[in-house]
Amino acid sequence: MNRKWVLILVACLVVASQCIAQDTAANDENTMPSSYQQEETAESTASPEESFEEMDDTGLLKQVVDPGESCDDPVRDGDVVHIMYAGMHKGNMIDYAGPDKSGNNNGRIVELGKNQMLKGVERAIIGHCPKTRLRIVIPPELAFDDPDLMIKSKPVPVGAHVNYDVLVVEYETPNIVREVQGVFGYIFEQIWPILAVSSIVGAFISWNRRSRQQQKPKPLLKQKLGMSG
C-alpha cells in the first residue's frame with residue numbers, strides 16, 4: 001500500500017477516535033456510573049457509621065458520592081425532579097430507573113411531596129444541586145412501610161431497610177412558586193424577632209395584670225347598724 005494512503009488512514013482513525021471520546025464524555029454528564037447499571041447487584045460494603053451521615057432521628061443515612069454542580073437554588077419540596085436510581089435489598093435490585101441496555105438515559109420524573117417516590121429518597125435529595133450523586137440507607141417507615149406510598153405491592157418484606165443510589169439529573173420549580181417562597185421566607189426572617197418580643201411583652205403584661213388583681217384587697221361588707229344619734 002502506498003505510504004501516502006497509510007498516513008491518511010491513520011489520520012482518519014485518530015480523528016474518529018477523538019470524536020468518539022468527546023461524545024462519550026458529553027453523555028457521561030447525564031449518565032449514572034457503572035454501579036447504577038442494571039447488571040450491578042452488589043450493594044455498597046462501606047460501613048454506615050464510617051461513611052454515611054445521619055440525617056434525622058428516623059435512622060435515614062446519606063452519603064454524598066459526588067456533590068455535582070454548584071447552584072443558588074437547590075432542590076426544594078414541591079420541585080419537579082428528574083432522577084435516576086437503583087434500589088437494593090440484600091444484594092437484589094428491587095427498584096430501578098436509569099440507563100437501559102441500549103444506553104438510553106431514562107430515569108424518572110417525580111414531584112416532591114406528592115408521595116410519588118420513597119420519602120427517604122425525597123428527603124435525601126432536598127438541598128442538593130444538579131448532577132449530585134447520593135447513596136442512601138432508608139429505614140422501613142420512610143421506604144416501603146410508608147402507608148402514604150402509592151404502590152400496588154411491596155418488593156421487600158415488612159420492616160426492611162433498603163439502599164438507594166440516586167443521581168439528581170435536573171429539576172425545576174414554577175417561577176411563581178419559587179418567588180412566593182422567597183418572599184415569605186424574607187418576610188419571616190425580618191419579622192420573627194418582632195413577633196418574639198411582642199409575645200414576651202404580651203405575656204408579661206397579662207401576668208402583671210393577674211398579679212395585681214390577686215393582690216387587690218377585697219371590699220369589706222359594710223353593715224348598717226341602727227344607732228341613736
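Author: Cys 129 is buried, since its relative accessible area is 12%, and the cut-off for buried is under 20%. Keep in mind that this model is predicted. The partner of Cys 129 is Cys 71, and the two sulfur atoms sit 1.9 Å apart. Cys 71 is partly exposed, at a relative accessible area of 28%. So one cysteine, Cys 129, falls under the 20% limit, while Cys 71 falls between the limits of 20% and 50%.

A disulfide is a covalent bond between the sulfur atoms of two cysteines. Searching the whole structure turns up one. What is the handedness of the bond between Cys 71 and Cys 129? The torsion about the S-S bond is about -80°, so this disulfide is left-handed.

Now place the two ends. Cys 71 belongs to the loop between strand E2 (61-66) and strand E3 (80-89). Cys 129 belongs to the loop between helix H3 (119-125) and strand E6 (133-138). The two parts are 58 residues apart in sequence, so the bond ties them together.

Look along each loop in turn. The loop between E2 and E3 also holds Asp 79. Asp 79 is buried, because its relative accessibility is 1%. Its side chain reaches the backbone nitrogen of Arg 76, at 2.8 Å.

The loop between H3 and E6 also holds Lys 131. Is Lys 131 buried or exposed? Lys 131 is buried, with a relative accessible area of 18%. Its phi is near 70°, a positive value in a residue that is not glycine. Most residues other than glycine have a negative phi. Lys 90 also has a positive phi, near 55°. Lys 90 lies in the loop between E3 and strand E4 (92-97). Lys 90 is exposed, at a relative accessible area of 71%.

Tyr 85 lies in E3, and Tyr 164 lies in strand E7 (residues 162-172). The two form a tilted aromatic pair, with 5.8 Å from centre to centre and 45° between the planes. The count of aromatic pairs comes to one. Tyr 85 and Tyr 164 are 79 residues apart, and their pair links distant parts of the chain. Both Tyr 85 and Tyr 164 are buried.

Step back to the whole chain. It has four helices and seven strands. Their order from the N terminus is α-α-β-β-β-β-β-α-β-β-α. Of the 229 residues, 27% count as buried. Take the contacts between residues at least 6 apart in sequence: 73% of them join residues at least 24 apart. The chain exposes about 15900 Å², with 55% supplied by carbon and sulfur atoms.

How far can you trust the details? The average pLDDT of the chain is 76, and 65% of the residues score at least 70. Over residues 33-49 the pLDDT is below 50, and this stretch has 38 contacts beyond near neighbours in sequence. Residues 20-29 stay under 50 as well, with three contacts beyond four places in sequence. Where pLDDT is low, the predicted coordinates should not be read in detail.

Notes. Residues are numbered from 1 along each chain as its sequence is written. This is a predicted model: local features need pLDDT of at least 70, side-chain atom pairs count only at pLDDT 80 or more; totals for chains, interfaces and linings use all residues. Side-chain values use heavy atoms; hydrogens and water are left out. Buried means under 20% relative accessible area, exposed over 50%, partly exposed in between (1.4 Å probe, protein chains only). Contact means heavy atoms within 4.5 Å. Accessible areas come from the Shrake-Rupley method with a 1.4 Å probe; for residues, only the protein chains shown count as cover. A disulfide is a pair of cysteine sulfur atoms within 2.5 Å. pLDDT is the predictor's confidence in each residue, from 0 to 100. Rings of Phe, Tyr and Trp (its six-membered ring) pair if their centres lie within 6.5 Å; planes under 30 degrees apart count as stacked, over 60 as edge-to-face and the rest as tilted. A polar contact is a pair of N or O atoms within 3.5 Å; within protein, one must be able to donate a hydrogen and the other to accept it, and residues adjacent in sequence count only if both atoms are side-chain atoms.
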